[in-house]
Amino acid sequence: QVQLVESGGGLVQAGGSLRLSCVASGGTFTFSNYAMGWFRQAPGKEREFVAVISWSRDLSYYADSVKGRFTISRDNAKNTVYLDMNSLRPEDTAVYYCAAGVQFQSQADYWGKGTLVTVST
């Protein structure tokens with residue numbers, strides 16, 4: 001059974017930074033074979049795509065709302081994907097979900113349970 005466990009969320013002031021981590025594990029899951037991504041869901045809103053990185057780390061894509069502020073990276077030796085978030089804004093407040101096997105920036109094979117990021121003014 002595949003498990004994705006996020007960490008690193010918390011309360012930060014606007015303009016601050018946070019680093020989210022997601023560790024993958026389970027059965028026959030081969031982390032390095034999967035495109036990994038981050039999504040988020042703000043209160044009262046639908047879940048939205050944030051960023052994705054290819055299995056080989058040579059391609060990454062970002063939502064326009066985070067481009068230039070967020071960076072996705074991965075360490076295949078540690079089965080871990082990261083999301084470095086800088087210049088945080090109150091509108092970045094959301095539960096952030098890690099996903100494995102991201103397709104079309106909207107679907108994924110596996111999901112984590114999420115970590116809450118709150119950005120205060």
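Predicted model: local features only at pLDDT ≥ 70, side-chain atom pairs only at ≥ 80, totals over all residues.
1. Two strands are taken to pair if DSSP finds at least two bridges between them, and the strands themselves (E, at least two residues) are DSSP runs numbered from the N terminus. On that basis, strand β4 (residues 36-41) and β9 run antiparallel and are joined by six bridges, with Arg 40 standing opposite Tyr 96 of β9.

2. Residues are numbered from 1 along each chain as its sequence is written, and side-chain values use heavy atoms, with hydrogens and water left out.

3. The pairing of β9 extends to two further strands. With β11 (residues 115-120), β9 forms three bridges in the antiparallel sense, and here Tyr 96 has Thr 115 as its bridge partner; with β10 (residues 110-111), β9 forms two bridges, again antiparallel, and Ala 99 is partnered by Trp 111.

4. β9 is mostly covered, since six of its seven residues are buried (under 20% relative accessible area, with exposed meaning over 50% and partly exposed in between, for a 1.4 Å probe and protein chains only). Tyr 96 belongs to the largest nonpolar core, and among its 35 residues Trp 38, Val 81, Leu 83, Met 85 and Tyr 96 touch the most other members; such a core is a set of buried Ala, Val, Leu, Ile, Met, Phe, Trp, Tyr and Cys residues joined through side-chain atoms within 4.5 Å. At least two residues of this core come from each of β3 (18-25), β4, β5 (48-53), β7 (70-75), β8, β9 and β11.

5. Contact means heavy atoms within 4.5 Å. Leaving aside neighbours within four places in sequence, the contacts of Tyr 96 include Leu 20, Trp 38, Val 50, Phe 70, Leu 83, Met 85 and Val 117.

6. Ser 87 lies in the loop between β8 (80-85) and β9 (94-100) and, with a relative accessible area of 41%, is partly exposed. Its C-alpha atom is separated by 4.2 Å from that of Gly 15, although the two are 72 residues apart along the chain; beyond four places in sequence, Ser 87 touches Gly 15, Gly 16, Ser 17, Arg 69 and Asp 92.

7. Asn 79, in the loop between β7 and β8, has phi near 50° and counts as partly exposed at 24% relative accessibility. Phe 104, in the loop between β9 and β10, has phi near 55° and counts as exposed because its relative accessibility is 70%.

Conventions
Helix = DSSP H or I, 4+ residues; strand = E, 2+ residues; numbered from the N terminus.
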